[in-house]
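Student: Please pick one part of this model and take me through it closely. I would like to see how it sits against the rest of the chain.

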Amino acid sequence: SVVSGGQGAYTFSGAMGTDVIKNNVTSQISNGSVIDTNGDVDVVANNVLKNANIAGAVNFSSATNGVGVGVGAILNIIRNNVAAYISDAQILNSNNINVEANNNEDLKFLAVNMGIQTGNGIPINANGIVNYVKSNIEAGLINSQILNNKSNINVISNYDTDLKGITLGGAVAAGSGLAFSANVLSNTLFSNNTAKVEGTKINKNAASASGDLKVKATSDEKIDVVPLAFAVTSSGSAAASANVGVNVVKNNTRAYIDKSQTTNELSEIKANNIEVVAKDDTTSRSRGGVLAASGGTAGVGVSVLSNVNVSSVEAGIEKGAKIGSQNQRVGEVTVDAQSIQDYHSILFAVAGGGTAAVNGSVNSNIVVNDTNAYIDKGVDIYSYDKLNVLASDTMDIESLNLAVAGSGTAAGGAIL
């Protein structure tokens, strides 16, 4: 945090928090390994990131004229690669097999920026927040043999991001100068989340199979932000405040069974029940607004928020897979793709001025989803139970926009 003040004509205060992080986490059994065990086999890669960033700046001036400038900035650039594999290996006589890649990100920020002019100066205060996160998560059974397995086989990839923050910008002019405050907020979440079985034989020659096979990719993105800005003048020419926020989520979540990508060997699966599941759950909460009040001429307030989501959710059994056989049938087979989108926002803009007041509140949601569950042509499935191919897309969007303008002469407002 930074505090500056004085009687000079010009004051400046600034605070910045910057984190650039790159994580690579890999767990694997590979390169011709042979594991013969009666116990469980766990291949697990975990990445847990907790990041909190606080930036604060306050400037104060009692000069007759001049400008006070305050800037607050938070910049986070994060890249994560998390992978768990059993690749080119044999696992013999085992109990449970768990191949799991988990990526968990907990990001929090607080930015406060205040400017006060007791003379006739001009306070200008702005916050800029940028969060950019790109993650690749992958769990796989690749070109391997799982023989005489006695229990369950789980191939699981989990992506969980929780981003929360508050940003406050304020400017107060007690004299005749104008006052301006603003917040600019950008959150971008990119992710590729994959659980896969490729070119792998599971209990191919077993007389029976008691365990289940689960191939599951789960993505969970949560954004919760509160941007607030105010500008007040007692008798100055104008007061203006603005909020501009953009949340962008681009996610690919995929779970599948297919042939080898290097040798073209089929995946031949014998298990009890088989689940191939891909699920993406995105939640966005935004509550904020602006206040601009001038005892002189004009008050102007603008609040803008845009949510952009481009997601692909895919669960499938590709033509490079053979599930069971005529003599060795599997149980229930489920292929399930789920997309859940939940957006709630409350925005307000309040403006008042002696001569004019103008404000606007704009909220937009752009969502492009592609959700697919499929069994490709050419796939052989031999089952004694049900076959389920399920795809679902659930979307809940609720927006409340408020605009209030008051003036002794003219007032206008807009809501979009």
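Tutor: Happy to! Helices (H or I, at least four residues) and strands (E, at least two) are DSSP runs, numbered from the N terminus. This is a predicted model, with residues numbered from 1 along each chain as its sequence is written. Local features need pLDDT of at least 70 and side-chain atom pairs count only at pLDDT 80 or more, while totals for chains, interfaces and linings use all residues; side-chain values use heavy atoms, leaving out hydrogens and water.

Our part is strand β7, which covers residues 97–117 and holds L110. The protein has 23 strands and 0 helices. L110 is partly exposed, at a relative accessible area of 32%; on this scale buried means under 20%, exposed over 50%, and partly exposed in between (1.4 Å probe, protein chains only).

Accessible areas come from the Shrake-Rupley method with a 1.4 Å probe, and for residues only the protein chains shown count as cover.

Strand β7 also contains I116, which counts as partly exposed at 31% relative accessibility.

Now for the surroundings. Of the protein's 416 residues, 50% count as buried. Its accessible surface comes to about 16400 Å², and carbon and sulfur atoms hold 53% of that. With contact meaning heavy atoms within 4.5 Å, residues 24 or more positions apart account for 87% of the contacts with a separation of 6 or more.

Inside, the largest nonpolar core has 59 residues, and I86, L141, L213, I257 and I274 have the most contacts within it. Such a core is a set of buried Ala, Val, Leu, Ile, Met, Phe, Trp, Tyr and Cys residues joined through side-chain atoms within 4.5 Å.

Finally, on confidence: pLDDT is the predictor's confidence in each residue, from 0 to 100. Its mean for the protein is 85, and 87% of the residues reach 70 or more.
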